[in-house]
Amino acid sequence: MKILSIQSAVAYGHVGNSAAVFPLQRIGVEVLPVYTVNFSNHTGYGAWRGPMISPDDVREVLLGIEDRGVLSQIDVVLSGYQGGEGIADVILETVQRVKAANPAAVYSCDPVMGNAKSGCFVAPAIPVLLRDRVVPAADLITPNQFELGFLTNTEPDTLESTLESVKLVRATGPRTVLVTSVERPDREEGTIEMLAVDDSGAWLVQTPYIPMKANGSGDVTAALFTAHYRRTGDLAEALARTTSSVFDLLTRTHESGERELQLVESQEAYAHPRMQFTPRQVA
């Protein structure tokens, strides 16, 4: 499998492509990483150095890849955090080119906007752009519960309302939806959930809640779920494998006391997930 991953990059730590590429490689996926920024570290530190890469420069890199004749070999285009408005056009153009070369290819979009605790942390135009143009072009999306609410102009909180919001967003284009950070009032205390939905139904998985903020964990989740689902076509299995890997990654990171994901140290969790969580079908 080959994944063309258009995301940010940092020298120190693990977010964007710097979070997604290694876990994908560790499960046997060939990744073509294309960078949208080249920063010293993620912006959560409040200070960073390095350039945002202009849409024209990103486009040039992608056209150079096309010149090598490999677009027909791409199985997935994956995108995450979009720093500037112009990157969306480049991504959408690339998806069209890849699908023209390989009609079986899919576009997986992580519509990064923010979260319930901190609100939106992207430029004001980005959420609207994602909702109106990018998400409708995607085959698979991986929003958190907060982002799902913005995409559908709803406030999902219960399982029923979250499923209804997923139904609304699927009607706009993407057939497969993974909702991360699902928090509903009637869940067991000290837990958190993920919900995955496609044409075959809806599956919910619950894990213990790990009390930490882990920049990049969503990028790992989106990458692993996309790869497992594209490889197997089995929603429940993709959800179970992804959940197992990410939970062990977060557990190791929390226990380390470090701020950055213990991405390399957790590599066995991607290659050989323990499969300690069993999704249940809820629709």
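Student: Which residues does isoleucine 65 touch, not counting residues up to four places away in sequence?

Tutor: Isoleucine 65 touches Leu4, Leu32, Val34, Val70 and Leu71 on that count, where contact means heavy atoms within 4.5 Å. This is a predicted model, in which local features need pLDDT of at least 70 and side-chain atom pairs count only at pLDDT 80 or more, while totals for chains, interfaces and linings use all residues. Residues are numbered from 1 along each chain as its sequence is written, and side-chain values use heavy atoms, with hydrogens and water left out.

Student: Why is isoleucine 65 called buried?

Tutor: Buried means under 20% relative accessible area, exposed over 50%, and partly exposed in between, with a 1.4 Å probe and protein chains only; isoleucine 65 has 16% relative accessibility and therefore counts as buried. The residue lies in helix H2 (residues 55-67), helices being DSSP runs of H or I with at least four residues and strands runs of E with at least two, numbered from the N terminus.

Student: What makes serine 108 buried or exposed?

Tutor: Serine 108 has 1% relative accessibility, and therefore counts as buried. Its place is in strand E4 (residues 106-109), and, leaving aside neighbours within four places in sequence, serine 108 is in contact with Val76, Val77, Leu78, Ser79, Leu140 and Thr226.

Student: What joins the side chains of serine 108 and threonine 226?

Tutor: A polar contact of 2.7 Å joins them, the term covering a pair of N or O atoms within 3.5 Å, of which, within protein, one must be able to donate a hydrogen and the other to accept it, while residues adjacent in sequence count only if both atoms are side-chain atoms.

Student: Why do strand E2 and strand E11 stand at the edges?

Tutor: Nine strands form an open sheet in the order E2-E1-E3-E4-E7-E8-E9-E10-E11, with mixed pairing. Strand E2 (30-39) and strand E11 (280-281) each have a single partner strand, so one side of each is left without a neighbour in the sheet.

Student: How do you know that strand E1 pairs with E2?

Tutor: Two strands pair if DSSP finds at least two bridges between them, and eight bridges join strand E1 (residues 2-10) to E2, the two running parallel. Within E2, valine 34 is the bridge partner of isoleucine 6.

Student: Which residues have the most contacts inside the largest nonpolar core?

Tutor: They are Leu4 and Leu195, in a core of 42 residues, to which helix H3 (residues 86-101) gives the most, with seven residues. A nonpolar core is a set of buried Ala, Val, Leu, Ile, Met, Phe, Trp, Tyr and Cys residues joined through side-chain atoms within 4.5 Å.
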